[in-house]
Amino acid sequence: MNFEPLHEAMQSLAAKGVPALELIVMRDHETLFHEVMGYSDAARTVKAAPSDRYWLYSCTKPVTAAAAMRAMEEGLFELEQPVAELLPAYRDAYLLKDGARVKPESVMTVRHLMTMSAGLNYNFNRESIRRANERRGGCATTVEIAEALAEDPLDFEPGARFQYSLCHDVLAAVIEKASGMTFRDYV
């Protein structure tokens, strides 16, 4: 195979100012092409290396959605399945109305997680997450974090609206529970 076009594409991105690039092409667990270029520091003094880490942040959301669709194809869960069937902590999901805890009228489903309409938010700095991490020495699992999120009130009724949130993190926990594998291994 001729990987020169990939090499040239990477060079063109580097020329446009992309600070670091790494591309691996694999087939059947065999590496066919692997190239790293650019710099791993802002001053451009340290060459990028295969050992560098890249923070993907929200770029992982399409991967999570694809993994969930695969899990549904495998029959591990259904789109309309209640989240609480796989993550029992969500049986106690609640909203705050006039300062009182109330049960949502809608049941949170996998569809709500997929569409970010489950009523969750994107607050990482909450007491429930801090406690979950403390119990595990700073290394809470995906399921433990997802269950910790269930301790806090929902922002709105599941399905009422879209809100960019930790829904896909909870979806990853659903995949873990349904598959019996870590999300990483499942993907």
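## Ser128 and helix H4

Ser128 is buried, with a relative accessible area of 0%, in this predicted model. The place of this serine is in helix H4. Leaving out residues up to four places away in sequence, Ser128 touches Ala148, Leu149, Glu151 and Asp152.

Ser128 is listed with Ile129 and Ala132 as the buried residues of H4. Seen down the axis of H4, these buried residues fall within an arc of 100°, so they line one face of the helix. What covers them includes H5. After H4 comes Gly137, which has a positive phi, near 60°.

## Helix H5 and its cover

The buried residues of H5 are Val143, Ile145, Ala146, Ala148 and Leu149. Their cover includes H4 and H6. Two of these residues, Ala148 and Leu149, are also among the contacts of Ser128.

## Salt bridges

How many salt bridges does a search of the whole structure find? The search finds eight. One of them joins Glu127 and Arg130, with the closest N and O atoms 2.0 Å apart. Both residues lie in helix H4, three residues apart, which is about one turn of the helix. Glu127 is partly exposed, with a relative accessible area of 39%, and Arg130 is partly exposed at 37%. Salt bridges that share partners join Glu127, Arg130, Arg131, Glu134 and Glu151 into one network.

Another salt bridge is formed by Asp152 and Arg126, whose closest N and O atoms are 3.0 Å apart. Asp152 lies in the loop between H5 and H6, and Arg126 lies in the loop between H3 and H4, so the pair ties together parts that are 26 residues apart in sequence. Arg126 has a relative accessible area of 12% and is therefore buried, the cut-off being under 20%. Asp152 is also one of the residues that Ser128 touches.

The side chains of Arg70 and Glu74 also meet in a salt bridge, at 3.2 Å from N to O. Arg70 counts as partly exposed at 37% relative accessibility, and Glu74 is partly exposed with a relative accessible area of 44%.

Leu32 is found in strand E2 and is partly exposed, with a relative accessible area of 26%. Leaving aside neighbours within four places in sequence, Leu32 is in contact with Met1, Phe3, Val25, Met26 and Arg27. The C-alpha atoms of Leu32 and Val143 are separated by 35 Å, and the two residues are 111 residues apart along the chain. Val143 is one of the buried residues of H5.

The loop between strand E2 (30–38) and helix H2 (61–73) holds Arg44. Val46 lies in the loop between E2 and H2 as well. Arg44 has a positive phi, near 60°, and is a residue other than glycine. At 39% relative accessibility, Arg44 counts as partly exposed. Val46 counts as partly exposed at 42% relative accessibility. Not counting residues up to four places away in sequence, Val46 touches Gly38, Tyr39, Ser40 and Asp41.

## Met116

Is Met116 buried or exposed? At 5% relative accessibility, Met116 counts as buried. Met116 lies in the loop between helix H3 (110–114) and helix H4 (127–135). Its phi is near 50°, a positive value in a residue other than glycine.

## A nonpolar surface patch

Which residues make the nonpolar surface patch of about 430 Å²? The patch is made by Tyr122, Phe124, Phe162 and Tyr164. Tyr164 is found in the loop between helix H5 (142–149) and helix H6 (167–179). This tyrosine is partly exposed, with a relative accessible area of 39%.

## Cysteines

A disulfide is a covalent bond between the sulfur atoms of two cysteines. The structure holds zero disulfides. Cys59 is in no disulfide, and the nearest cysteine sulfur, that of Cys167, is 18 Å away.

Cys59 is exposed, with a relative accessible area of 56%. Cys139 is exposed too, with a relative accessible area of 54%.

Note on methods. Residues are numbered from 1 along each chain as its sequence is written. This is a predicted model: local features need pLDDT of at least 70, side-chain atom pairs count only at pLDDT 80 or more; totals for chains, interfaces and linings use all residues. Side-chain values use heavy atoms; hydrogens and water are left out. Helices (H or I, at least four residues) and strands (E, at least two) are DSSP runs, numbered from the N terminus. Buried means under 20% relative accessible area, exposed over 50%, partly exposed in between (1.4 Å probe, protein chains only). Patches are made of residues with over 30% relative accessible area and no salt bridge: like charges are joined within 9 Å, nonpolar side chains (Val, Leu, Ile, Met, Phe, Trp, Tyr) within 5 Å. Accessible areas come from the Shrake-Rupley method with a 1.4 Å probe; for residues, only the protein chains shown count as cover. A salt bridge is a side-chain nitrogen of Lys or Arg within 4 Å of a carboxyl oxygen of Asp or Glu. A disulfide is a pair of cysteine sulfur atoms within 2.5 Å. Contact means heavy atoms within 4.5 Å. The arc is that of the directions from the helix axis to the C-beta atoms.
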